[in-house]
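Subject: Structure for you to look at

Hello,

Here is the structure I promised to pass on. Please open it first, then read my notes below.

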Amino acid sequence: MSFFRKLFRLTLVCFDFAYEIVWVLFTRPKTRAARAAWLTRLTRRVMRTIKMTFTTIGPVPESGAVISNHLTFFDIFFHSALRPCVFISKIELRKTPLLGWISMMSGTVYVARGAGGSAAKAAEGMGQGFRDGLPVVFFPEGTTGIDSHAIMSFRSGLLAQAMMLEQPVICAYIHYEFSPLDLAAGKTPEHDFYWGPQSLPRLIWDFLGLHEIHAIVKFSANPVAFSEEAIANRKIAAEEARVAMLLLAGLPADSPAPVSQFGPAS
């Protein structure tokens, strides 16, 4: 029964994606804002099909830079479903079948670590998102973790670009809850939903067996108040931003940063 339930849900999700892809191919949204709105439409449609719900705590930012912890590919679904936004992603996502095309059509800005001019291109893309009045969302941990009660060290590059563009930086903290039915079956977000060593197809297949996922997305009421030292030194800024996210998550400010053992991340 579990296999056929997964297959049935996969069929429904494929229909949702096919419908929205045909829609965007016919409408061809021209602006980044219109493309971001299409991604919001797509994610909300899929989330209704597979019973993904969310609760927000704090004001949902409608502009500026939004930094979030990163646990699973589906973080993108929830951030997008809240309101249209622009994502900053590693260039590897662009090469992923289907998801890469969807990310491109939704106005995602890509960055390549270590590539010449990458920072300038990221700043240009971020600036366009800001000028369009959209919040720009990125994950400063740089990869996914498998523990919602731990925040990894922050990479400073994109954060420095947002600060250079004089944008407020808002922290977002997301964690997930499973239905009593899934918990009774021994399933947990850490083992059955977060992105660990498994491949993306395996992650999606396991996810289709879940009955319901609920996300709690918490936003800070105010932007990160960077010190003068942080404004002058992006490494210090990354540390201060991480402390702000720890406090938002209800974790001690001196919590050690775990080292990720896994590579995949958006």
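Are Arg45 and Glu20 buried or exposed? Both Arg45 and Glu20 are buried. Buried means under 20% relative accessible area, exposed means over 50%, and partly exposed lies in between (1.4 Å probe, protein chains only).

Two notes on the source. This is a predicted model, where local features need pLDDT of at least 70, side-chain atom pairs count only at pLDDT 80 or more, and totals for chains, interfaces and linings use all residues. Residues are numbered from 1 along each chain as its sequence is written, and side-chain values use heavy atoms, with hydrogens and water left out.

Salt bridges

Side chains of opposite charge can pair when their charged atoms come close. A salt bridge here is a side-chain nitrogen of Lys or Arg within 4 Å of a carboxyl oxygen of Asp or Glu. The whole structure has four salt bridges. One of them joins Glu20 to Arg41, with the closest N and O atoms 2.7 Å apart. That pair links distant parts of the chain: Glu20 is in helix α1, Arg41 is in helix α2 (residues 32-49), and they are 21 residues apart. Helices (H or I, at least four residues) and strands (E, at least two) are DSSP runs, numbered from the N terminus. Glu20 counts as buried because its relative accessibility is 1%. Arg41 has 31%, so Arg41 is partly exposed.

Glu20 also meets Arg45 in a salt bridge (3.8 Å, N to O). Again the pair links distant parts: Arg45 in helix α2 and Glu20 in helix α1, 25 residues apart.

Now look at helix α9. Arg202 and Asp206 both lie there, four residues apart, about one turn of the helix. They form a salt bridge, with the closest N and O atoms 2.9 Å apart. Shared partners join Asp16, Glu20, Arg41 and Arg45 into one network of salt bridges.

Charges over rings

A charge sits over a ring if NZ of Lys or CZ of Arg is within 6 Å of the ring centre and within 35 degrees of the ring normal. Arg41 lies over the face of Trp23, 4.0 Å from the ring centre. The charged end of Arg45 sits over the ring of Tyr19, 4.2 Å from its centre.

Aromatic pairs

Rings of Phe, Tyr and Trp (its six-membered ring) pair if their centres lie within 6.5 Å; planes under 30 degrees apart are stacked, over 60 edge-to-face, and the rest tilted. By this rule there are 15 aromatic pairs. Tyr176 and Phe193 are edge-to-face, because their ring centres are 4.9 Å apart and their planes are at 75°. Tyr176 lies in strand β6 (residues 169-178) and Phe193 in the loop between α8 (189-192) and α9 (200-207), so the pair ties together parts 17 residues apart in sequence. Tyr176 is buried at 5% relative accessibility. Phe193 is buried too, at 0%. Ring pairs also build a cluster, whose members include Phe54, Tyr176, Phe193 and Phe207.

Cysteines

A disulfide is a pair of cysteine sulfur atoms within 2.5 Å. The structure holds zero disulfides. For Cys85, the nearest cysteine sulfur is that of Cys171, 16 Å away. Cys85 is buried, with a relative accessible area of 2%.

Best wishes
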